[in-house]
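I opened this notebook to record what I looked up, entry by entry, beginning with a pair of rings and ending with the sheet.

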Amino acid sequence: FAGAAQSLGAGAILVNPWNITEVAASIGQALNMTCEEREKRHRHNFVHVTTHTAQQWAETFVSELNDTVIEAQQRIRQVPPPLPIGDAIKHYLQSNNRLLILGFNATLTESVNNPGRRGGDQIKEMDLKLHPELKEPLAALCSDPKTTIVVLSGSGRHVLDDNFGKYNMWLAAENGMFLRFTKGEWMTTMPEHLNLEWVESVRHVFEYFTDRTPRSHFDPRETLLVWNYKYSDVEFGRLQARDMLQHLWTGPISNASVDVVQGSRSVEVRAVGVTKGAAIDRILGEIVHSKSICTPIDFVLCIGHFLGKDEDLFSFFEPELPSDPTGAPRSKVADALEVPDALKIPGERKPPSKLPTSKSGSKSSHNKTQRPVSNAEKKTNNHVSGSGRKSPPENMSWHVLDLKGENYFSCAVGRTRTNARYVLGSSEEVVFFLKELAGASFTGLP
């Protein structure tokens with residue numbers, strides 16, 4: 001009753017002190033116990049009390065307390081304002097080299113909600129299609145030589161091919177693990193050390209729970225797996241998701257380097273460190289290497305309905321990370337994004353030359369915080385498919401970004417708790433905005 005049983009239960013003999021017969025029998029068991037069993041029990045208890053100390057308990061308690069404070073701050077965080085369409089179009093027209101990064105699902109897709117019917121259309125959601133009203137605006141934006149468009153999605157390669165294959169843009173599938181220009185071949189941007197041995201065993205677990213959960217569906221991809229129970233019974237789906245997580249953590253991923261990302265009604269398993277923000281530096285490196293971008297980018301528009309784990313993409317380009325009024329930490333990025341040595345093909349890499357500083361005289365261009373392309377995540381020889389690539393010339397040294405705060409627009413779609421600067425309510429609002437942007441780009445008038 002003093003609480004010792006909770007700490008020494010495995011090695012000690014537990015009794016109810018009010019049960020005299022049980023106490024007497026336990027004393028007899030202890031007196032007649034062999035030396036080997038006594039030593040084994042004692043060793044187990046000794047290890048437990050020396051590792052689960054008061055110091056360890058206090059550190060864990062304080063850590064969880066800090067986590068609770070941060071979670072509470074996230075809940076009361078102010079909702080970002082709606083995207084200022086007029087300002088975004090104005091700065092877009094005034095810039096010389098624009099980068100548009102667009103999500104796909106719930107951003108450029110048709111709405112799955114049916115008027116007068118409860119819920120959405122599951123078949124439509126399982127077969128993602130580009131919103132029909134976006135075909136002409138996207139074609140207009142892609143035809144502008146000053147504009148580079150990247151569709152960055154968790155969807156597989158065939159889904160992006162089917163929807164965007166006819167446009168002049170870059171496609172980044174499975175959170176940026178695969179990349180291609182629509183006129184070229186797919187290449188992989190995966191880090192060399194990425195371990196995917198866990199995929200097959202997790203696939204079996206997802207298939208099992210899909211079979212036993214009506215109206216759930218499983219989306220298998222090469223580097224990540226997603227189980228969606230949005231259209232299942234709410235309570236039953238939650239119970240099944242909880243049961244699935246127990247199966248995963250005690251089995252297939254118990255010793256694997258993976259992240260489990262839980263959406264509102266989904267469970268996703270991906271390799272550790274695989275996020276859209278982590279992939280974008282490698283994507284930019286490949287785009288620059290292909291000479292699709294030859295002058296510094298001075299306008300970035302980033303729009304998408306991303307999971308919380310992928311919102312590091314919004315912070316990646318942030319030129320001016322303001323202090324968060326709630327005190328919630330935001331990811332820090334480095335000082336300048338430059339053309340790195342990693343852009344040279346394997347086997348022909350040379351020490352990077354010293355890169356010049358930006359010639360922009362503005363104060364913000366010197367003080368901005370921007371992410372460098374990582375040299376750590378180098379690619380192996382088989383990471384590029386198709387024709388061979390030439391190493392960039394030695395004098396190719398310039399800053400990829402020359403971005404001021406007023407020329408960066410990050411926008412979350414359908415999410416109010418976000419690190420993005422602005423929000424849009426739905427894909428229909430994205431359609432309206434891109435139509436306006438394409439129209440202004442064609443006429444030159446905001």
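Are Phe317 and Tyr408 buried or exposed? I find that both Phe317 and Tyr408 are buried, where buried means under 20% relative accessible area, exposed over 50% and partly exposed in between, with a 1.4 Å probe and protein chains only.

I noted that this is a predicted model, in which local features need pLDDT of at least 70, side-chain atom pairs count only at pLDDT 80 or more, and totals for chains, interfaces and linings use all residues. Residues are numbered from 1 along each chain as its sequence is written, and side-chain values use heavy atoms, with hydrogens and water left out.

Next I looked up aromatic pairs (ring centres of Phe, Tyr and the six-membered ring of Trp within 6.5 Å; planes under 30 degrees apart are stacked, over 60 edge-to-face, the rest tilted), and the whole structure holds 14 of them. Phe306 and Phe314 form a tilted pair, 5.6 Å centre to centre with 40° between the planes. Phe306 is buried at a relative accessible area of 3%, and Phe314 is buried at 0%. Phe317 and Tyr408 also make a tilted pair, with 6.3 Å between centres and 40° between planes.

Last, I checked Arg157, whose charged end sits over the ring of Phe178, 4.0 Å from its centre (the criterion is NZ of Lys or CZ of Arg within 6 Å of the ring centre and within 35 degrees of the ring normal). In strand E5, Thr188 is the bridge partner of Phe178 (strands are DSSP runs of E, at least two residues, numbered from the N terminus).

Notes
Pairing = 2+ DSSP bridges. Helix = DSSP H or I, 4+ residues; strand = E, 2+ residues; numbered from the N terminus.
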